[in-house]
Amino acid sequence: MTDTPDGTPVVSASGRRRGEVVLEARGLTKLFRVRSRPQRGQRRVRAVVHACEDVDLTLEAGRVTAVVGESGCGKTTAARMLAQLIKPTRGTITLDGKPVSGRKLRTYRRKVQIVFQDPFASLNPVHSVRYHLSRPLRIYHRARGKAEVNAAVEELLSRVSLSPPRQFADKWPHELSGGQRQRVAIARALAAGPAVLLADEPVSMLDVSIRLGVLNLLGELRDIDGLAILYVTHDIASARYFADTMTVMYAGRVVESGPSLEVTDNPAHPYTQLLLEAAPDPERPGPQAIEARGSAPSLIAPPSGCRFHPRCPYAMPICSEQLPPDISVGEGHVAACWLRHPDYKDAVDTPTAGNLPA
Amino acid sequence: MLDIRGLCVDYGRGGRAVHAVIDADLTLHRGEVLGLAGESGSGKSTLAYGATRLLRQPGIITGGNVLFWPSIQRPDHVIDILDASPETLRRLRWRDVALVFQSAMNSLNPVLSVQAQLTDTLAAHLPESTREERRERAAELLELVGINPDRLRSFPHELSGGMKQRVMIAMALALDPQVVIMDEPTTALDVVTQRQIVEQVIKLRDQLGFSVLFITHDLSLLIEMADTIAIMYAGRIVESSPAQRLFRAPRHPYSAALLDSFPSLHGQRTVMTGIPGSPPDMRNLPAGCAFAPRCRYALPRCTEQLPPLARPAIEPDAHRLVACWLHEEHKLPEELAAPEPDGQPRFPARTPLPFAPESSGGSR
């Protein structure tokens, strides 16, 4: 999970050093234009959904970065922009230090591969496992000729612990369980020989008992193959378990980021605190009432200032006026919250929850 | 107040029937929150629908009793739901036993307002009430679940997922039921909304005193909210225990492994393994204990004989039941032999019946 005990960086199978930045996004923004339904007597209005704004993400070789948040927070939009499935409205993506343009998608996809959420939808039911895996091998010229391709397919299957590989290669998607399908989807992503794996909720559709198996497999790919992995999830406990660094998003913006244990054990942003309080936790002494009420805001007209302020029990006047800056609260640990600003530090212990509308 | 005994449910008939629930025993006390946990396909929803006779084709109840005591004052007045006449059943459902389904989005009628849907229920079960009374009750119900009564005129598409689920809970509570069965009521919701709904349910339970049968795959949520937990695997209940005891000292290898599948929010990060293999094919269950192929402690006996749900070897009086040969063979690994935690459970676990109840026979 970390570097070798004596601290020397490990060179991974991909030829990169652990911790080397592979894929970087700066100020990633996506605004979706929508047409709202005209009310009687009104003109049709153009509206903009602020799905994702000014998101910075850094993916390093041999590390897992988690993006955590509730549905609609923009985490999948961010992942899709990184995957170049949708074009960012603003912002830059750099791969191995070079800015990425919309062209040369194939070169990009060779290095950046995606694992989708639903393994029941992401495999084509009319194609065998062998077909699914041999396509990327041929497209990216990783193997030529029947014998070479077949050998590569079997090698991929054993890398994702589907054994015996020869038997699995000739199965069809309907013959596989959810966990096995997701392993095939991971093997398909590996077939291109990528440096980056973007995994959007890779285990949320799987049975509880097999989720950890798939996460541990991704962990092995990180440790042994040195892949940079983006893990998009709504489950903060699994992000704590699996990810090295964590980015928490709320209503299209990053509210907190840092080493994952640091973020979950010392959450600095009230939203992260809410997320942790709301997560099921058998070790909690008794059921506790959570303070922040209400639900996530509209992304067409997001709240001014900090987007969490209407629900925040600690909200101050400045929170609704100005966007909070990123403030360092620990090593590599950043929170976008006015409470952490030196000018407002004293306000931390005076929640005003009682005054807020439910 | 609700006692499920030896319930068996099949899908299909004859040799190709799939045994979805096999010989399930479950007791729900007044005011208790009973959690039913298991993976998908373990039969937890089928058990609940079987017990209320709401199974769809080709589901068939092939045996067992579901005894219901409608009144605390009259302990001799028992209804066997599986034998009840259609008329008794019609009155019993909703008034005594109400259901909340997983996808509130699909359970509400999109072309009717919230008010219309709430008052319809009231009109059907309380025909002598007036329109005004029903409207008032509908407003009262919405308030009960934390929604502003202004929302009565809203249509389902104008509500968020959490609000729709609250409306469903309000509908379930419309007739002051004694038992509320909730099938994965929060699975489709975000964690914060889930937490709010769960808090609301517990608050209403304390306030109104109904019992809850809460079905979910999220064991960590259950441990926090349920009084008692029953764990199902491949159609059978493998362990039933007070919630905290199950968490501190699981007695069945599957319970222990399932608990070990939920990463913790605290402490050191440790490598967790989950459960190797995948859930069994219900059409083709292994002989003996269905969990044996995935169980790391399996004995030769486990693949041959079915373990009965019985008191565990350690502290047999601890209000819990477990179906595992390790207990009888006294070969308990350390992991399953933790001492019972302190504290009395709020509700006693049911004791095994001294005799097998006679099957009511026949298929319904």
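Q: How many residues of chain A and of chain B are in contact with each other?
A: This is a predicted model, in which local features need pLDDT of at least 70, side-chain atom pairs count only at pLDDT 80 or more, and totals for chains, interfaces and linings use all residues. Residues are numbered from 1 along each chain as its sequence is written, chains are lettered from A in the order in which they are written, and side-chain values use heavy atoms, with hydrogens and water left out. Contact means heavy atoms within 4.5 Å. On that rule, the residues that meet number 40 in chain A and 38 in chain B.

Q: What area is buried between chain A and chain B?
A: Buried area is the accessible area (1.4 Å probe) that two parts lose on being put together, summed over both. Carbon and sulfur atoms give 54% of the area buried between the two chains, and the total is about 3,400 Å².

Q: How many residue pairs are in polar contact between chain A and chain B?
A: A polar contact is a pair of N or O atoms within 3.5 Å; within protein, one must be able to donate a hydrogen and the other to accept it, and residues adjacent in sequence count only if both atoms are side-chain atoms. With both residues at pLDDT 80 or more, the count of pairs in polar contact is 18.

Q: Which element gives the largest share of the side of chain A that touches chain B?
A: Helices (H or I, at least four residues) and strands (E, at least two) are DSSP runs, numbered from the N terminus. Those giving two or more residues to this side of chain A are α7 (208-225), α8 (236-242), α9 (260-265) and α10 (270-278). The largest share, seven residues, comes from α7(A).

Q: How many of the nine residues of α10(A) are buried?
A: Buried means under 20% relative accessible area, exposed over 50%, partly exposed in between (1.4 Å probe, protein chains only). The cover over the buried residues of α10(A) includes β9 (245-250) and β10 (253-259) of chain A, together with α7 (191-208) of chain B. Among the buried residues are A:Tyr271 and A:Leu275. The helix α10(A) is mostly covered, and its buried residues number eight.

Q: What percentage of the 358 residues in chain A is buried?
A: Chain A comes to 11 helices and 12 strands. Of its 358 residues, the buried share is 51%.
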